[in-house]
Structures are given as structure tokens and as C-alpha cells.
Amino acid sequence: MRKLGYAVPALLFLAIALLFATPFALRLDSHILPSALIDLPAPEFALPPIEGRPQTLGLATADLSGKPSIVNVFASWCVPCLAEHPMISRLAEEGFTVYGIDHRDPPDAVGAWLDRNGNPYARIGADRDASVSIDWGVTGVPETFLIDRKGRIRHKIVGPMTPDIFAEEVLPWMRELAR
Amino acid sequence: MERGVGQAMIVELGHFALVLGLMVALVQAWLPLLGAARGDRALMAVAVPAAQTQALLLLIAFFALMHAFVVSDFSVANVFNNSHTAKPLLYKVAGTWASHEGSMLLWVLILALFGAAVASFGRNLPPELKARALAVQGMIALAFLAFIVFTSNPFARIDPAPLEGRDLNPLLQDPGLAFHPPLLYLGYVGFSMAFSFAAAALIEGRIDAAWARWVRPWTLAAWACLTGGIALGSWWAYYELGWGGWWFWDPVENASFMPWLLGTALLHSAIVVEKRDTLRAWTILLAILTFSLSLMGTFLVRSGVLTSVHTFAADPARGLFILGILVIAIGGSLTLFAIRAPTLKSGGLFAPISREGGLLLNNLLLAAAAATVFIGTLYPLLIDALSQGGDKVSVGPPFFNATFVPIMIPLLLALAVGPMLAWKRGNLSAAFRRLAPAAAAAMAVTLLAFLLAPRGPVLAPFGLGLAAWLVVGGLMTLVERTGLFAVTVSQSWARLIGLPRGAFGLALAHAGIGIVVAGISGSAWQEEHIVSLKTGERLTIAGTVLSFVAVTEGDGQNYQYLRGEFVQLRGERILGQMWPERRSYPVTRTGTTEAAIDTSVLGDLYLVLGEGDESGAYTVRAYFNPLAPWMWIGALIMMFGGFVSLTDTRYRVGAPARAPSRAAVAAAAAAE
Amino acid sequence: MKRALFALALLLAAAPALAVNPDEILSDPGLEALARTITRQLRCVVCQNQSIDDSEANLARDMRRVVRTRVLAGDGERQVLAFMVARYGDFVLLDPPFKPKTYALWFGPWVVLALAGMIALLWFRVKRSVAAPTSVPQLSAAERTRLDALLAEIDGEPHARGRERKP
């Protein structure tokens with residue numbers, strides 16, 4: 001029995017080694033923060049349209065209920081947002097409702113950006129001081145939230161939506177939510 | 001063209017030496033072990049030239065890489081990624097170890113140098129122990145050389161060679177950080193000696209006082225270097241990161257701090273083995289764990305499993321490779337421990353209140369402190385793994401303040417008492433009587449601090465009192481041993497001169513901790529002013545008026561700067577000038593803030609120039625950090641104490657093997 | 001000149017734009033102190049291992065502003081922290097909350113300490129019971145004093161009984 005005591009350090013180390021191995025086995029990315037808002041109603045907010053572009057309509061909590069929707073947090077100065085823009089546009093083309101939260105952007109810059117790259121968003125709310133982004137628990141741009149018809153956040157994508165994520169996460173989720 | 005070919009040759013030579021070093025490590029890891037098992041002297045003797053050759057080869061590789069940096073050979077990918085022709089020479093040299101690849105090369109180089117030192121100076125070691133220890137060193141070198149050659153080759157080429165490099169992160173272009181890694185690695189890797197000796201002793205199944213005496217100097221050297229390395233890193237963060245923070249409980253800092261805590265414990269438990277031939281299994285375990293934590297630190301810093309301010313770029317292949325090394329090295333040695341430790345014969349007896357008892361308490365608390373840091377550092381990883389990435393927690397400074405600090409306080413309180421206790425059976429009340437001056441100093445300082453700053457933080461005056469207790473307590477060990485105030489001054493002087501160096505080392509290291517504690521306590525009184533200031537305006541901090549005179553711009557060697565000029569005034573008397581800077585490095589498009597720091601005994605006046613606005617006003621941050629310099633000075637004294645102990649003739653590395661000393665004979669007689 | 005400096009300052013915008021800025025500071029010193037206490041406990045979720053008080057990141061600045069807005073609106077420390085946790089999860093707290101998933105974290109150090117102490121006590125007990133029956137006759141008081149004195153001479157170290165007295 002006493003002899004077993006000497007094996008305790010080795011056993012403890014075994015446990016620690018297993019712990020060290022999990023990030024590799026599970027392909028965890030220590031940089032992605034899971035959302036605290038999953039399955040909760042979207043936060044209460046009301047954002048004005050982009051200054052000088054009333055046709056962007058603005059975005060508020062009430063807009064999110066009734067049918068499933070996608071809320072994409074973007075900015076004109078954000079390079080990965082440009083990279084994912086074709087995916088966002090495709091979502092709109094496939095008939096999904098896509099809303100935008102424009103994060104910390106000068107109105108002129110975002111206007112020019114939308115003119116240049118196309119505007120797939122049914123509504124855009126301008127979050128110039130990022131306070132609504134904080135309400136959504138946003139850690140950076142782009143981030144994309146998938147919302148069900150009751151206005152609850154069901155899934156979140158951190159970083160640009162790649163074609164893989166589009167096909168393997170977003171489409172299945174949205175089909176599920178539309179059911 | 002001629003020069004280009006010569007340069008290419010040097011790089012290839014370095015690469016070749018590196019690969020050859022791998023081969024030599026293979027020999028060193030295997031033949032001496034075989035020799036020791038068979039009792040074959042010739043095979044065992046292979047360890048010595050192998051270790052020496054290994055060191056020579058890695059020196060060649062290291063200097064070849066350094067040469068590539070100095071001449072800006074951008075055909076080497078590592079140089080291209082971390083250097084630039086306009087970079088100052090010092091940082092070209094330091095660039096050799098600034099990247100992941102280069103720092104790994106430095107790591108194995110230091111490992112090889114330690115091995116060569118044992119091979120060359122350890123003539124008095126029993127041949128089996130030496131052969132086995134060097135073989136274990138060879139195994140570690142083999143693992144890490146394979147890691148370097150197969151996943152992180154510093155000599156990898158780019159074809160065609162780019163014309164200009166990407167430059168080094170400007171934060172790293174700093175004298176403090178240039179010397180931080182070598183010192184840190186000397187510490188980290190130095191503990192490999194204790195590890196190798198422990199593994200060798202376990203293979204042999206024998207450990208005694210002599211073993212502890214051989215291990216102690218290496219441990220002491222590693223400890224002193226690690227102390228210096230950590231202090232240098234902390235100092236760098238303090239002056240370079242721009243807000244005067246000096247310790248963040250960041251995983252990378254913790255990675256160096258955990259081996260320090262256990263290494264400190266090892267240093268003390270080895271004394272018990274040496275003097276009293278007991279606590280053997282525990283000391284062996286400590287030797288294994290200390291170096292294991294160094295290895296884990298290497299893993300944490302380079303694998304990307306934890307997020308930290310200053311990790312190297314993560315690469316899963318590298319992480320898995322090091323994890324493999326960890327499993328073999330730590331798992332292997334702990335398994336060996338599980339098998340062999342129960343067979344180690346039990347040592348001498350001592351009362352709980354005794355010098356040994358004090359050292360044991362030191363070990364308990366240091367081990368618990370190390371465990372606390374360990375749990376706090378790895379807990380986020382545990383939650384991440386258990387929730388499969390679905391949940392995350394942060395473990396920040398408040399956790400460590402609430403757990404680590406309460407464990408350290410009894411340790412620091414006991415630290416002055418331990419050296420006052422006799423071996424085997426001590427007298428606590430007599431020890432306290434002898435510490436009366438330290439207690440008086442502690443109370444006086446605490447009271448004085450309360451009187452001077454009645455409305456300040458409550459705990460800080462007690463911190464200062466603790467510091468006084470430690471400093472005076474440390475010096476009292478010398479007073480005690482020289483009989484000062486008890487015998488005549490000349491007699492005391494004679495005794496002082498006759499004292500072993502270790503006694504001075506002890507007094508210095510213990511008093512040094514006190515000074516560090518004073519510095520840490522002082523930071524509680526930090527004064528901060530964040531203002532928007534135009535030239536011509538003034539601000540007052542800690543009784544000093546700072547007048548913002550002007551802002552100038554200019555070019556440094558590889559950066560542009562914006563420099564504020566401030567004049568320090570007391571009344572209308574000019575005390576001095578301060579020039580905080582903001583630098584911009586065009587190549588990396590990043591910048592640094594260079595705080596202006598005016599250091600005095602009382603503390604640092606710390607001034608940072610922030611952003612300017614259209615009205616010509618600048619954000620100016622001024623701090624007064626009371627006693628801040630004491631932290632680095634205290635750490636320096638601790639390090640110095642370590643080196644003083646190292647010069648003790650008893651631990652001289654090349655000292656001839658001594659017959660059991662009189663002390664050992666007397667102790668043995670007493671034990672019987 | 002001023003314009004040129006401003007241009008350079010813009011160029012330097014890449015340089016760390018340090019944490020708390022003068023324009024953020026609240027005029028009420030009590031509320032400002034409360035805000036600082038809170039921002040020091042909140043982790044900047046994009047910059048690793050810094051509080052939002054120390055961080056120069058945009059998000060940290062936005063979070064600091066939100067904290068001050070809440071403080072001005074009359075929220076206390078707990079409410080503001082809860083507000084942030086609701087949005088970013090426990091990750092945002094530098095001081096890990098005490099709940100089942102962190103029990104091991106908060107109790108761990110003390111369990112280790114208690115276990116280590118218990119092992120040490122056990123060790124003393126086992127040692128004594130092993131040593132007792134086989135122990136040789138104890139030294140007499142006189143022998144003990146002599147031995148201590150001898151040891152002191154050799155090692156020059158203090159010990160309980162043979163302490164120097166004034167001649």
C-alpha cells in the first residue's frame with residue numbers, strides 16, 4: 001500500500017498529459033470565445049439606419065421575431081468582412097433574411113463599401129459606438145448570429161464565414177430553423 | 001559573389017553541426033548507460049567526449065546562426081522573419097534567440113554546455129553516476145535536437161532569398177529582453193542537471209549525502225540564473241509595456257515561476273539530504289518535478305494551448321512533438337521513481353521543531369504555492385477540455401492574490417525562524433528570542449508606515465513590516481553565527497571571516513526576499529495621474545511638479561519617434577528633465593512607448609506620453625511607483641546570494657572527493 | 001508645426017494607444033474609483049490576459065465606456081459585472097466566480113496544502129514508530145551538550161543548547 005503512494009506523481013502526470021492532449025484531439029481553438037447568449041432572446045436594442053441612407057432602415061429587437069434571420073456584424077474597414085461578403089450575399093439570394101449591424105464605421109465609408117460590394121442586408125443598424133455590439137457579446141468583426149423565429153440566438157459564427165462554414169454550419173442550421 | 005558563397009558555407013556548416021549534434025546525442029544517450037549496466041569503464045567513458053563534442057557542435061551551429069543574423073542573410077527563413085538590415089547590431093545578435101527556432105537552439109546549447117561542464121569538471125564523480133547522468137542529459141538533448149531538426153529548423157532556407165527582412169517585433173528590440181531569454185534558459189535548463197542526477201540515482205538505486213552535495217551547485221547556479229531571468233523579464237514588462245505593471249500572472253510568467261518555486265524547495269531539501277541524509281525520496285521527486293515544470297513551461301509557451309501575451313506562434317505539430325517529449329521524459333522518470341523510490345532506505349530522524357523541520361515546512365509551503373500556480377494556470381485549459389470548447393473561464397490576478405499570497409505569508413514569516421533552529425531538535429522560544437531585533441524592526445516599520453500614510457492601503461504597512469522582519473532576520477543569521485554583541489568585536493570579526501560562503505549566501509538571499517517584499521508592498525501606494533496636457537502646462541505628482549515643455553520628432557536607427565520634454569520642478573527649482581517617447585517602427589508597422597523613469601530610493605517617477613489630438617494636447621500618464629526599484633534590487637541580491645553560495649569551497653564543482661567530513665562523522669555519531 | 005505633429009501622431013496611431021484616456025474619466029471621483037475597480041476585474045476578451053483597464057484595444061475602450069455609462073446610471077459593482085457576464089460569460093471575469101465548475105480551482109490549493117501537511121505528519125509518526133524500538137540509548141544531557149558544542153565548532157551554526165555566552 002505504501003509503495004503505491006510513490007506511483008501517485010506518475011498517475012497525476014498521466015492525467016495532466018491527457019489534459020494537454022485534448023486541445024489537439026478536439027481541435028479546440030483557445031482564441032474563440034463561445035457565446036453566452038446561445039438559446040437566449042436577442043438583446044433589447046434599437047439602432048438607427050446608416051446616416052444619410054435611410055433606405056437601410058435601421059435594426060431593432062422587434063425586427064428579429066416572426067421568421068428566422070441572420071444577423072451579421074460587419075464593418076467597411078474589416079478585411080475578413082470583405083472576404084465573407086459573397087457568402088452573406090448568397091444567403092440573401094437563397095431567400096434567407098439577412099440583417100446587418102455596422103460596427104464602428106464612418107457613414108461615408110460604409111456607404112461607399114455597400115455601393116462597391118453590393119447590399120444583401122434587408123435592414124442595417126449603424127452601431128457607431130459599439131455599445132449594441134457589446135450587448136450582443138461581440139468580440140470582433142465579422143461575427144454572425146443565427147436567430148430563430150422567436151427571436152432567440154441559436155448559433156454564432158466567430159470570424160469570416162468560409163464556404164465550408166456556409167455549407168456545413170449555416171445552411172443546415174437555417175434549414176432547421178425554417179422548419 | 002565570393003562572400004555570398006562563404007556565407008552559404010557558414011550556414012550549411014551550422015546546419016551540418018546541428019545534425020551531427022543529433023547523432024552525437026544518440027551516442028551519448030545510449031552507450032554510457034549500457035556501459036554502466038555492464039560495468040564497462042570504456043563504454044562509460046564515452047560520455048565525456050560525447051558531451052564535450054555535443055557542446056562544441058552546438059556552439060558552431062549557434063554561432064553560424066548568429067553570423068547569419070549579423071550579416072543579414074535573408075536566404076535563411078528565420079533571419080528573414082526576424083531581422084532587418086537597419087536593425088541595430090545588438091538586436092541582430094539577440095535576434096538569434098528571439099524566434100521560436102533560435103530560442104530552441106539556445107535551449108539545447110545551454111543543455112549541452114551544462115553537460116560538458118559536468119563531463120569536464122566532474123572528475124570526482126563516481127563513474128557510474130556520471131555516465132548515467134550524462135546519458136540522461138544525452139536523451140534530453142536527443143529529444144530536443146530531433147524537435148529542432150524535424151519541426152523547427154532555424155537553418156531552413158528560402159529560395160530565392162528576399163532582399164529585405166521583416167524585422168523583429170519592436171517590443172523585443174530592447175536590451176532587457178535581449179538578455180532575458182539566455183538567463184531564463186540557464187535557469188530552466190540548469191535544473192536538467194538535478195533531473196539527470198536524480199534519474200541516474202534512481203537507476204542506480206542509491207542516493208546519499210554525497211549525491212546531494214554534487215547536485216547542489218548545479219541547482220544553485222540554475223536557481224540564481226532563473227531568479228535573475230524572471231526579475232529581468234518582470235523589469236522589462238515594467239518599463240516597456242507602458243503602465244508600470246510588473247507581474248500579471250500570465251501563463252508564460254507562471255511557466256517560469258513554477259520551476260522557480262519548486263527549484264527553491266529543491267535547493268533547501270538538498271541541504272537536508274546533504275547534512276542529515278534524510279528526505280531522500282522527496283528530494284529526488286523535487287528534482288524530477290522542477291525540471292518537469294521547466295519542460296511543461298516550454299510546452300505551454302510553444303504549443304498554443306493557452307492564450308498569453310507573449311507566446312510564440314502556435315503550430316499543432318510542434319505542440320504534439322513537445323507533448324511526446326514530456327510524456328517520455330516526465331512519464332518515464334516518474335515511473336522510474338514509482339518503482340525505485342520505495343527501495344531507497346529511510347533516513348535519519350528529527351523533531352518537527354528543528355532545522356530540518358523548518359526546511360520541510362519551507363518545502364511544504366513552496367510545493368503548495370507551486371501547485372496553486374499550476375492549478376490556476378491550467379484550470380482554463382481543464383474547463384475548455386471538459387466542456388469541449390463550450391465554456392471558458394479566466395483565472396486572473398484576483399485568484400492568485402487570494403490563494404498564492406496567503407500561502408506565501410506563513411512561509412515568509414517562518415523564513416527568518418528556520419535558520420535560527422538547531423539541527424535535529426530546535427528550541428523555538430530561543431529562536432524567537434534571538435529574532436527579537438527583527439520583530440522590533442518589523443513592528444517599528446509597520447507603525448511608521450501607518451503614521452506616514454494613515455489613509456493608505458491597510459495591508460501594505462504589514463507588508464513593509466514583513467520585509468523588515470526578513471531583512472533583519474536574514475542579517476541576524478550572520479550576527480548569530482559571529483556571536484556579535486556576545487563576544488568581542490575582534491572575535492566576531494574573526495568568526496565572520498571564517499564563516500563558510502554559504503552562510504553569506506543564505507543571509508543575502510533571505511534579506512533579498514525581504515527587499516523584494518518591500519518593493520511589492522510599496523506598489524500598493526501607487527499614485528496615478530492621467531491627464532490631457534498641452535505644452536506649457538503642468539501637472540503635480542508625489543510632490544513634484546512636471547512642466548510639459550515641448551514635443552519633438554525625429555528618427556532613430558530604425559524607427560521614428562515623438563518625444564515629450566518635461567522638466568521636474570520643486571518650487572521653481574529645476575530637479576531634472578524627463579523624455580518619454582512614442583516610437584513607430586515602419587517595417588513592422590508597430591510601435592512602442594518608452595516611458596521616462598526617474599528612479600530614486602523612494603520610488604520611480606514614471607512618465608508616459610500618449611496620443612495627441614488636434615488641439616495640440618497630449619494624453620500624459622504620470623505614475624509614482626513607491627519602492628518599485630527595490631523589487632529588482634532585491635532579486636539581484638537574491639541572485640548574488642546564490643552565486644556567493646556557489647563559491648563555497650564545499651560545493652566547488654571540481655573539488656576533489658572528500659572523505660566524509662568531520663561534520664558528517666559527528667552527525668553519523670549522533671544518529672547512532 | 002502643430003499640424004505636422006498631429007500627422008505624425010496619426011502615423012503613430014499604430015503604437016499602443018494606452019489604456020484609460022483622460023476623456024473617459026468621470027468627473028465624480030467616487031464614481032470614477034468605482035469604475036476603475038470594475039474595469040480592473042474585467043478581462044479584455046480580445047487581448048489575452050489583460051484587464052480592460054490595462055488594454056488599448058478598441059473593444060476594451062468600448063467596454064470601459066459601457067462600464068462608466070452603467071456606473072453613471074447608478075449601477076453598483078455587482079450589477080455591472082453581472083451585466084458583462086450576461087454578454088460575455090464567466091470568461092470576462094478575471095476573478096473566477098465561485099461555483100461548482102470552479103470548486104476544484106478554489107479548493108485545490110488548500111487541498112494540496114492539507115494533503116502535504118498530512119503526509120508530513122504521517123511521515124513523522126511512521127518514522128518515530130519505526131525508530132523507537134530499535135533506537136539506541138539516548139545521549140545523556142552532558143553528552144548532548146558536548147556534541148552540540150562540537151557540532152557548532154565544526155559548522156559554526158547556531159543550535160539550541162550550546163549557545164555562546166559572554167565569557
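In the predicted model, B:Ile541 stands opposite B:Thr544, a residue of strand 3 of chain B. This pair belongs to the contact between strand 2 (residues 538–541) and strand 3 (residues 544–555) of chain B, two antiparallel strands joined by 4 bridges. The hairpin that they form has 2 residues between the strands, and B:Ala542 adopts a positive phi near 45° there.

Strand 3 of chain B also pairs with strand 4 (residues 560–570) of chain B, again in antiparallel fashion, and 10 bridges connect the two. In general, the strands of a sheet pair through backbone hydrogen bonds, in either a parallel or an antiparallel arrangement.

An open sheet of 4 strands is also found in chain B, with the order 1-10-9-8 and antiparallel pairing.

Strand 9 (residues 603–612) and strand 10 (residues 618–626) of chain B run antiparallel and are joined by 8 bridges. One of the residues concerned is B:Asp604, whose bridge partner in strand 10 of chain B is B:Asn625. Helix 20 (residues 628–646) of chain B packs on the sheet and touches strand 8, strand 9 and strand 10 of chain B. The direction of helix 20 makes about 120° with that of strand 9 of chain B.

Contacts between the two chains were examined next. In the interface, 30 residues of chain B are in contact with 20 residues of chain A. On the side of chain B that touches chain A, the elements giving two or more residues are helix 11 (280–303), helix 12 (316–340) and helix 13 (355–386) of chain B. Helix 12 of chain B gives the most to this side, with 12 residues. By residue class, the side of chain B that touches chain A comprises 19 nonpolar, 8 polar and 3 charged residues.

Conventions. Residues are numbered from 1 along each chain as its sequence is written. Chains are lettered from A and ligands numbered from 1 in the order in which they are written. This is a predicted model: local features need pLDDT of at least 70, side-chain atom pairs count only at pLDDT 80 or more; totals for chains, interfaces and linings use all residues. Two strands pair if DSSP finds at least two bridges between them. Two residues are in contact if their C-beta atoms, placed from the backbone, lie within 7 Å. Axes are lines fitted to C-alpha atoms, for helices over the stretch in contact, and angles run from 0 to 180 degrees between N-to-C directions. Ala, Val, Leu, Ile, Met, Phe, Trp, Tyr, Cys and Pro count as nonpolar, Asp, Glu, Lys and Arg as charged, and the others, Gly among them, as polar.
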